[in-house]
Amino acid sequence: MTTLPSYSNKDLLAILQSTRSIAMVGASPKWNRPSFFAMKYLQEKGYRVIPVNPGAAGKEILGETVYASLAEIPARFEMVDIFRNSAAAGPITEEAIAVAGEKGIQVVWMQLGVINVEAAAKAEAAGLTVVMDRCPKIEFGRLHSELSWGGFNSGIISAKRRRVRLS
C-alpha cells in the first residue's frame, strides 16, 4: 500500500487562500448529499463553486449553472475538487491537465476517501498541486478554528461516558 503524502497546514492554507474559484466535479443538486453541503459552505466563505455533473448539466445548483465537463466551463478556475470515486479521479485529472493552461487550473483536490496515486503523479508532473483524501470544507474550517464552534477539540463535547453519581 502506498503511503499518502502529508500536507502541512501552511501548504493547505496557502492553497485555500490563493483559490477563488473551484470546479466541483460530482456536485449534486440533492440537498442531503455531502457535495451539496460542501458547495454551500464554500460559497458562504467567498468561493465561487462551479458544479460539474453530466446528469444535471444545464440546470442550476445553489445559483450556479451546472456543466457536463471541465472543458465546458466558460470561466477560469484555480481548483478542481473531485467528489467522485478513486477510479473516476483518473479521467477527471487527465481532463484537468488537458485544460489547465486555458482554464488557469493550479490544484487538483481529491475528496475524503478519493485516492489515485497514478493520477496524482501525472498531475504533479504537469505542474499541478495535488491534495488527496481531504475535504476543502473541513480543512477550511479546521484551519480557521471553526470546528471548535461545534465543540470539536474544545472539551465540551466528548465521547467519554459521564460518571453517574448516586448520592
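Of the 167 residues of the protein chain, 43% count as buried, where buried means under 20% relative accessible area, exposed means over 50%, and partly exposed lies in between (1.4 Å probe, protein chains only). The model is a predicted one, in which local features need pLDDT of at least 70 and side-chain atom pairs count only at pLDDT 80 or more, while totals for chains, interfaces and linings use all residues. Residues are numbered from 1 along each chain as its sequence is written, and side-chain values use heavy atoms, with hydrogens and water left out.

The secondary structure of the protein chain consists of five helices and seven strands. Helices (H or I, at least four residues) and strands (E, at least two) are DSSP runs, numbered from the N terminus. Along the sequence, these elements follow the pattern α-β-α-β-β-β-β-α-β-α-β-α. Contact means heavy atoms within 4.5 Å. Among contacts between residues at least 6 apart in sequence, 61% join residues at least 24 apart.

Helix α5 (residues 136-143) deserves attention. Its residues Pro 136, Glu 139, Phe 140, Gly 141 and Leu 143 are buried. The buried residues of α5 pack against α1, α2 (34-44), β5 (79-82) and β6 (107-110). Two packed helices are described by the angle between their axes and the distance between the axes. For α2 and α5, the angle is about 45 degrees and the axes are 9 Å apart. Axes are lines fitted to C-alpha atoms, for helices over the stretch in contact, and angles run from 0 to 180 degrees between N-to-C directions. The two helices α2 and α5 are therefore oblique to each other; angles under 35 degrees count as roughly parallel, over 145 as roughly antiparallel, 65 to 115 as roughly perpendicular and the rest as oblique. Phe 37, Ala 38, Tyr 41 and Leu 42 of α2 meet Pro 136, Lys 137, Phe 140 and Gly 141 of α5 in this contact. After α5 comes Ser 145, whose phi is positive, near 60 degrees.

Charged side chains also meet in this region. A salt bridge is a side-chain nitrogen of Lys or Arg within 4 Å of a carboxyl oxygen of Asp or Glu, and the whole structure has six of them. Glu 139 is buried, with a relative accessible area of 5%. Glu 139 forms a salt bridge with Arg 134, their closest N and O atoms being 3.4 Å apart, and Arg 134 is partly exposed at 21% relative accessibility. Arg 142 also forms a salt bridge with Glu 139, with the closest N and O atoms 2.6 Å apart. Because Arg 142 and Glu 139 are three residues apart in helix α5, about one helical turn separates them. Elsewhere, Lys 103 and Glu 102 meet in a salt bridge (3.6 Å, N to O); Lys 103 is buried at 4% relative accessibility, whereas Glu 102 is exposed at 53%.

Ser 21, in strand β1 (residues 21-25), is buried at 12% relative accessibility. Not counting residues up to four places away in sequence, Ser 21 touches Arg 48, Arg 76, Phe 77, Glu 78 and Met 79. Ser 69 is placed in the loop between β4 (64-65) and β5, and is buried with a relative accessible area of 15%.
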